[in-house]
Structure formats: structure tokens, C-alpha cells
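Visitor: Could you walk me through this structure? I would like to learn how to read its features one at a time.

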Amino acid sequence: MRHLTDRRAMSRARVVVAGLGDSGVLTAIKLARHADVVGISAKPGLLSGQELGMRLSRPDDWARYNWITFDRFRGLDRVRTLHGTLTGVDLAARKVFVQRGDGSTLAEPYDALVISTGVTNGFWRQSRLQSADEIAADLRAAHQRLAAARSVIVIGGGAAAVSSAANLARTHPDKRIGLYLPGDRALVHHHPRVWGRVSRRLSEFGVEVHAGHRAIVPDGFGCDDLTTGPVRWSTGQPETAADAVLWAIGRVRPNTQWLPPELLDEHGFVRVTPELRVPGQRGVFAIGDVAATDPLRTSARNRADGLLAHNIRAEFAGKPLRSYRPASRRWGSVLGPQPDGLEVFTPRGQAVGFPGWSIDRVLMPWIVWRGIYRGVRADSVSRKL
């Protein structure tokens with residue numbers, strides 16, 4: 001890649017952002033005023049993988065915050081978005097290959113490439129090409145299936161499992177909700193204070209918490225769907241039956257099948273330097289859940305998009321790049337927005353509360369949509385699921 005020494009020269013460069021999840025969208029927004037940015041996504045909008053419990057129990061509320069078509073982002077007005085599936089990359093020719101929904105293919109050239117294709121994790125994070133109608137159908141189907149169940153087993157000890165159990169129990173107090181943990185406690189990557197506070201909330205909502213239950217995953221099961229019981233346990237407990245079983249056991253698969261093996265680590269994630277650059281590939285970077293920054297892949301949730309945008313500009317200008325410093329613990333919201341407010345946990349386990357009235361009046365419109373995403377237009381289409 002040629003060295004470009006000023007902002008005017010940078011504006012002539014093309015940056016391809018491969019994957020427009022949270023990290024990809026934020027990176028594209030920050031680069032849009034400095035370069036010709038092209039974003040490639042299998043979805044026609046930002047379909048967040050966060051707040052699974054709210055997605056399953058209150059999908060209309062979840063979609064209002066987490067399913068946003070690209071045309072609504074003011075910061076993406078200068079970004080050309082392509083709806084298609086990434087099928088490969090030619091690193092020498094500096095091109096990525098995309099298959100569109102009609103079966104046609106195209107080669108998109110780049111001066112800099114940002115790999116932000118994320119991960120597949122259960123039915124709520126899929127890499128397949130989808131239309132807006134297909135996404136709405138998926139949201140509706142999972143919600144209706146759980147709404148019809150009288151009893152639900154949630155398996156897993158991460159935030160997705162805990163959030164799902166809590167939100168389902170609070171939304172449907174008539175259901176029997178059981179959370180089955182493989183260890184002594186959940187949220188092991190958060191500060192211990194977080195589980196102490198969240199476990200009390202689970203008790204308030206009527207969730208039955210069963211520690212020390214490690215499930216036997218059925219042969220050939222990819223955890224991509226809801227199942228029915230019974231569930232068998234490798235830890236010796238009797239099998240457990242329920243109308244619906246939600247598997248949130250963290251079987252994360254990176255969406256890197258379109259990349260050459262030399263860019264990947266032994267688990268299939270993209271290898272990166274502390275500067276989020278792919279080793280040995282000038283102008284190629286990675287960010288988010290797909291990037292092997294640290295064991296927790298924390299660049300997805302620690303606003304590394306600003307650092308990455310700076311480093312891309314610095315590389316074009318021949319200036320020093322900054323290093324990303326991973327967080328040692330997970331932090332943020334666990335249960336998601338509730339009728340009485342939202343709790344966000346710091347890395348030290350302290351809870352920062354937002355009252356219920358502030359979520360739609362202050363937090364989302366001003367802090368998130370304007371402050372972080374630089375403006376989100378009102379939705380002109382009714383998306384009632």
C-alpha cells in the first residue's frame with residue numbers, strides 16, 4: 001500500500017470494512033470522513049448479538065434498540081454498503097469477493113481491509129445472508145416458541161444464559177424457568193460482585209438456579225436452535241425435562257471461512273498484533289469478536305473502533321500506531337433494560353444505574369445513538385413483530 005501523507009490523499013483511498021456488526025459499523029463511521037469506505041454485510045442493517053434475554057422475551061423492544069437498518073445511521077451516509085456474503089480474499093491483488101443474494105459475484109478492491117465478521121453463536125448470531133423479512137421471522141419464531149412453553153431450561157453460565165433466564169422469568173412469571181450452570185457460579189469472566197448482585201435479581205424473578213450441572217450435548221448438535229428435553233448431565237444428576245431448552249453454552253465459531261488459513265490462529269480467529277494489524281499483511285486489520293486480541297476478545301466491547309480508525313489513518317500517513325490494551329474482565333450490562341431501569345457494571349463490579357424513564361429519553365437517543373453512533377434517524381417503517 002502506498003504511503004499517503006495528508007488527509008486529502010487519504011480521502012482517495014478505499015477502505016473495505018468486512019462485516020458490519022457493532023464493531024464494523026462504528027469503525028466505518030469513524031473512517032467515513034477520511035476515506036472512501038465500503039461496508040459489506042450479510043444483513044441489511046445492524047443486527048446486534050447483544051441482550052439475548054430481551055430479544056427472546058420482548059422482541060419488539062429489543063428490535064427498537066438493536067435492529068437498525070443502515071440507512072438510519074447518519075454516520076454511514078458516506079459509506080457504500082453491500083448486502084452479500086464474503087467468499088474469499090486475494091491478498092496480493094488486494095480484493096475481497098462477495099456473493100450477492102441473486103447469485104452474482106463481485107470483486108471489491110481495497111487499500112485497507114478491516115476484518116470484522118464476528119462469530120456464529122447459537123441461533124441468535126448467524127452469518128448467513130438474510131433479508132429484513134427473514135430477520136423479523138426469526139425474531140418472531142423464537143419468541144413465540146418460548147412464549148408457548150410452560151417450562152424452560154436455560155443452559156450456560158455466561159451473560160447470554162443469565163440474561164435469558166432473568167428476562168423470560170420476569171416477562172412470564174407463570175412459567176418455570178431453570179438456569180443450569182456448569183460451575184459453582186455464573187459470569188466467571190466478570191468481577192465476583194456482579195454475580196452476587198445478579199443472582200439476587202434472579203431469585204427475585206423466580207428463576208431456579210442449579211449449579212454444578214454440565215450438560216451432555218447431543219451428537220451432531222450445533223446449538224443453533226431451541227430444543228425440547230430431556231437434558232442429560234455428565235455431572236451425575238438425573239436427566240431434566242422441559243418444554244423448551246435454550247442452549248447458551250458459548251460454542252462460538254468465528255466467521256472466517258472466507259479467509260486463508262495463514263491469517264488465523266489454531267481456533268480459527270484472526271491473528272492480530274497489539275495495533276490490531278494482521279501480522280505480515282500491510283493495510284489489513286481485524287477487530288471485534290473475530291480478532292484474537294486476548295482470551296476474551298475484548299476489542300468487541302471496549303471501543304477499540306476509535307483506536308483502529310486512528311491506526312488506519314496513521315498507517316496511510318506513515319505515523320506510529322497505537323496499541324490496544326485488553327480489559328482483564330468483562331463489563332457492561334448483563335440483564336439489559338428492565339421496566340425499572342438498567343444496570344451497567346464496571347470492570348471492578350460496581351453497578352451504575354439508569355432509571356427506567358431515562359432509557360428512551362436520555363440513554364438511547366443521546367448517549368448511544370447520538371454520542372456513540374453519531375446520529376440515528378427515526379424509523380419510518382413500523383417494525384411490530
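Guide: Happy to; we will go through strands, a loop residue and the nonpolar cores. Keep in mind that this is a predicted model.

Visitor: Let's begin with strand pairing. How many bridges join β5 to β6?

Guide: Pairing is read from the bridges between two strands. Here β5 (residues 80–90) and β6 (residues 95–100) run antiparallel and are joined by 6 bridges. One place to look is Leu86, whose bridge partner in β6 is Val98. The two strands form a hairpin with 4 residues between them, and Arg94 in that turn has a positive phi of about 60 degrees.

Visitor: And which residue takes a positive phi in the hairpin of β6 and β7?

Guide: That is Gly103, with a phi near 95 degrees; this hairpin has 4 residues between its strands. β6 and β7 also run antiparallel, with 5 bridges joining them. Phe97 stands opposite Ala107 in β7.

Visitor: Next, Asp111. Why does Asp111 count as buried?

Guide: Buried means under 20% relative accessible area. Asp111 counts as buried because its relative accessibility is 15%. Asp111 sits in the loop between β7 (105–109) and β8 (112–115). Its C-alpha atom is 5.2 Å from that of Arg14, although the two residues are 97 apart along the chain.

Visitor: Which residues have the most contacts inside the largest nonpolar core?

Guide: They are Val15, Val25, Ile312 and Tyr373, in a core of 46 residues. Helix α8 (residues 304–317) gives the most to this core, with 6 residues. Another core lies apart from it, with 33 residues, among them Leu168, Trp195, Val207 and Leu226.

Notes
Residues are numbered from 1 along each chain as its sequence is written. This is a predicted model: local features need pLDDT of at least 70, side-chain atom pairs count only at pLDDT 80 or more; totals for chains, interfaces and linings use all residues. Side-chain values use heavy atoms; hydrogens and water are left out. A nonpolar core is a set of buried Ala, Val, Leu, Ile, Met, Phe, Trp, Tyr and Cys residues joined through side-chain atoms within 4.5 Å. Buried means under 20% relative accessible area, exposed over 50%, partly exposed in between (1.4 Å probe, protein chains only).
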